[in-house]
Amino acid sequence: MNHYNSMSALITGGASGIGLATAQLLHRRGARVAIVDVQADKGAEALVSLGNLDNRAIFIPANLGLPEEADRVVAETVVTFGQLNAVVNSAGIQRYGNAEQTSLELWNEVMAVNLTASFLVSRAAIPHLRQNGTGSITNVGSVQSHVSQRGAVAYVTSKHALLGLTRSMAVDYAAEGIRVNCVCPGTVDTPMFRWTMSRDPNPNSVLQACETMHPVGRIAQPAEVAEVIAFLLTDAASFVTGTAIDVDGGLLSLVGGAPKEK
């Protein structure tokens with residue numbers, strides 16, 4: 001049975017990283033995909049990367065840090081495809097600083113993209129999922145939905161809260177056939193991770209440290225996370241809701257964690 005031929009999916013942060021890998025995978029398997037991203041210049045590239053420019057894929061430029069954008073992207077997806085039954089909230093940003101170093105402006109920026117956008121897109125999508133009688137939302141969290149790194153108070157808090165949002169919506173809408181789950185990746189080779197590496201005087205040392213922290217001895221590729229997201233969106237995961245699936249190469253199973261800073 002092909003679970004994807006009847007799927008219409010909206011993917012935020014879909015022009016790069018995990019979002020793009022998910023769009024590519026779903027489209028390849030037969031789904032219709034709406035890629036939403038603030039990077040307008042990357043949108044056309046994302047569509048080309050699908051390898052099949054047809055009526056099964058669109059790009060919607062949007063800054064999901066602005067509250068009014070959520071309703072628009074959901075409406076445009078439904079108008080284009082006639083329905084919406086899958087949502088992937090993958091848009092996210094990383095910012096650094098402890099509580100004293102984090103301005104209210106930076107805090108609000110992170111929360112707007114990493115948390116509030118997922119809430120607003122999901123809220124706008126739920127009536128359409130309900131209309132179908134079934135649907136699935138997958139939020140992209142992080143291992144930092146469970147634990148914390150140093151000096152990233154806004155990011156860590158946003159990812160913890162995203163897991164709470166996942167569980168709350170899962171409980172509220174389970175009886176209507178709407179499932180909500182969260183994937184929590186370890187370190188993934190994405191543009192955001194490469195940006196993080198670039199901030200260090202020795203970028204390769206950051207990569208090596210991350211590889212060492214994961215028991216499998218490497219970091220993930222976006223396509224590996226996309227496979228788990230794709231599963232959660234289909235009826236193959238029909239009894240899975242309100243859960244967090246750690247795609248972390250064993251990171252959270254390792255006692256000891258990162259070395260203490262001197």
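This is a predicted model: local features need pLDDT of at least 70, side-chain atom pairs count only at pLDDT 80 or more; totals for chains, interfaces and linings use all residues.
The axes of helix 4, which spans residues 104–132, and helix 5, which spans residues 153–173, come within 9 Å of each other and cross at roughly 15°. Because angles under 35 degrees count as roughly parallel, helix 4 is described as roughly parallel to helix 5. The crossing of these two helices is right-handed.

The strands of the model form an open sheet of 7 members, arranged in the order 3-2-1-4-5-6-7 and paired in parallel. From one strand to the next, the twist averages 15°. Within the sheet, strand 4 (residues 86–89) and strand 5 (residues 135–140) run parallel and are joined by 4 bridges; Val 87, for instance, has Ile 137 in strand 5 as its bridge partner.

Two further helices lie across the strands. Helix 1 (residues 17–28) lies across strand 1 (8–12), strand 2 (32–37), strand 3, strand 4, strand 5 and strand 6 (178–185), and runs at about 165° to strand 1. Helix 8 (residues 222–233) lies across strand 4, strand 5, strand 6 and strand 7, and runs at about 165° to strand 6.

Helix 1 and helix 8 also pack against each other, at an angle of about 60° and with their axes 8 Å apart, which makes helix 1 oblique to helix 8. Their crossing is right-handed. Helix 1 contributes Gly 17, Ile 18, Ala 21, Thr 22, Leu 25 and Leu 26 to the contact, while helix 8 contributes Pro 222, Ala 223, Val 225, Ala 226, Glu 227, Ile 229, Ala 230 and Leu 233. These residues divide into 11 nonpolar, 2 polar and 1 charged.

The structure holds 6 salt bridges, one of which pairs Arg 29 with Glu 227, with the closest N and O atoms 2.9 Å apart. This pair links distant parts of the chain, since Arg 29 lies in the loop between helix 1 and strand 2 and Glu 227 lies in helix 8, 198 residues apart.

Key. Residues are numbered from 1 along each chain as its sequence is written. Side-chain values use heavy atoms; hydrogens and water are left out. Two strands pair if DSSP finds at least two bridges between them. Axes are lines fitted to C-alpha atoms, for helices over the stretch in contact, and angles run from 0 to 180 degrees between N-to-C directions. Contact means heavy atoms within 4.5 Å. Angles under 35 degrees count as roughly parallel, over 145 as roughly antiparallel, 65 to 115 as roughly perpendicular and the rest as oblique. A crossing is left-handed if the near helix is turned anticlockwise from the far one by less than a right angle, and right-handed if clockwise. Ala, Val, Leu, Ile, Met, Phe, Trp, Tyr, Cys and Pro count as nonpolar, Asp, Glu, Lys and Arg as charged, and the others, Gly among them, as polar. A salt bridge is a side-chain nitrogen of Lys or Arg within 4 Å of a carboxyl oxygen of Asp or Glu.
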